[in-house]
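Thanks for making time this morning.

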Amino acid sequence: MTGSDASQHWAPGDHVLWRYRGNGTGAVHICRPVTVVQDTPELLAVWMAPGTECVRPVLADGTSVHDEPLATRYTAPRTTERARWAGSGVLKLARPGEPWSVWLFWERGWRFRSWYVNLEEPRTRWSGGVDSEDHFLDISVYPDRSWLWRDEDEFAQAQRSGLMGPEQAAGVREAGRRAVERIQEWGAPFSDGWEHWRPDPTWRVPDLPADWDRTPAHTGP
């Protein structure tokens with residue numbers, strides 16, 4: 001980081017953690033080591049390389065969360081596991097204060113597939129990375145500028161399970177509407193050409209630290 005606290009910016013090639021807290025628990029349950037592509041007052045861009053060791057939530061018996069029926073998906077006991085990111089890498093773009101991040105996905109051979117708008121709490125920066133909380137509802141965006149909602153069933157179930165109250169859910173819906181307006185206007189980052197970006201071939205895959213779930217000593221904007 002080019003500075004002594006979380007208000008400063010990281011340099012391209014720095015390794016940081018992109019984390020999500022469990023809804024209603026405050027405990028980190030998703031952690032992804034990433035490499036900084038760009039970090040300015042306007043945009044944080046990071047690259048999660050194929051094969052990155054990450055932390056993800058699983059059911060208490062180790063099976064996938066998505067194997068649990070929707071009705072009990074958010075109430076069944078959970079734990080976390082370390083696992084390698086499968087498939088192609090992911091470029092993540094986030095503007096300060098915005099209640100979503102935009103992820104870019106490619107097929108093999110760098111054939112661009114889609115953007116993914118992940119609705120989430122605006123990220124909190126700290127010395128080792130950024131923390132957020134996922135808001136369940138998402139949007140897929142395609143090169144022909146078409147788009148569709150994702151995970152509306154999980155968004156509804158999260159409310160039924162008490163993980164999100166009516167006021168917060170309404171705020172998430174409003175954030176989604178604003179994101180759709182951005183898509184329809186074909187504003188940033190969709191119009192910025194990030195689908196043509198490629199990672200520096202000299203970058204190594206960052207390690208998952210033993211203390212991936214540590215509480216930040218200092219947080220900042």
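Cys31 is buried, with a relative accessible area of 0%, where buried means under 20% relative accessible area, exposed means over 50% and partly exposed lies in between, using a 1.4 Å probe and protein chains only. Before I go further, please keep in mind that this is a predicted model, in which local features need pLDDT of at least 70 and side-chain atom pairs count only at pLDDT 80 or more, while totals for chains, interfaces and linings use all residues. Residues are numbered from 1 along each chain as its sequence is written, and side-chain values use heavy atoms, with hydrogens and water left out.

Turning to the fold, the protein has two helices and twelve strands, where helices (H or I, at least four residues) and strands (E, at least two) are DSSP runs numbered from the N terminus. Read from the N terminus, the order is β-β-β-β-β-β-β-β-β-β-β-α-α-β. The radius of gyration is 17 Å, close to the 17 Å that the globule rule gives for 221 residues, so the protein is as compact as a globular protein of that length; that radius is taken over C-alpha atoms, and the rule is 2.2 Å times the number of residues to the power 0.38. Along its principal axes, the C-alpha trace spans about 45 × 40 × 35 Å.

Of the 221 residues, 48% are buried. If we take contacts between residues at least 6 apart in sequence, 58% of them join residues at least 24 apart, a contact being heavy atoms within 4.5 Å. The exposed surface comes to about 10800 Å², and carbon and sulfur atoms supply 50% of it, with areas from the Shrake-Rupley method and a 1.4 Å probe, and with only the protein chains shown counting as cover for residues.

The remaining positions I want to show belong to the loop between helix 2 (166-185) and strand 12 (219-220), where Pro189 is found. The peptide bond from Ala188 to Pro189 is cis, with omega near 5°. Trp186 is in that loop as well, with a positive phi near 55°, and Trp186 is buried, with a relative accessible area of 12%.

Pro216 is also placed in the loop between helix 2 and strand 12, and at 19% relative accessibility Pro216 counts as buried. What does Pro216 touch, not counting residues up to four places away in sequence? Its partners on that basis are Arg19, Trp126 and Asp131. Pro50, by contrast, is 166 residues from Pro216 in sequence and 27 Å from it in space, C-alpha to C-alpha.
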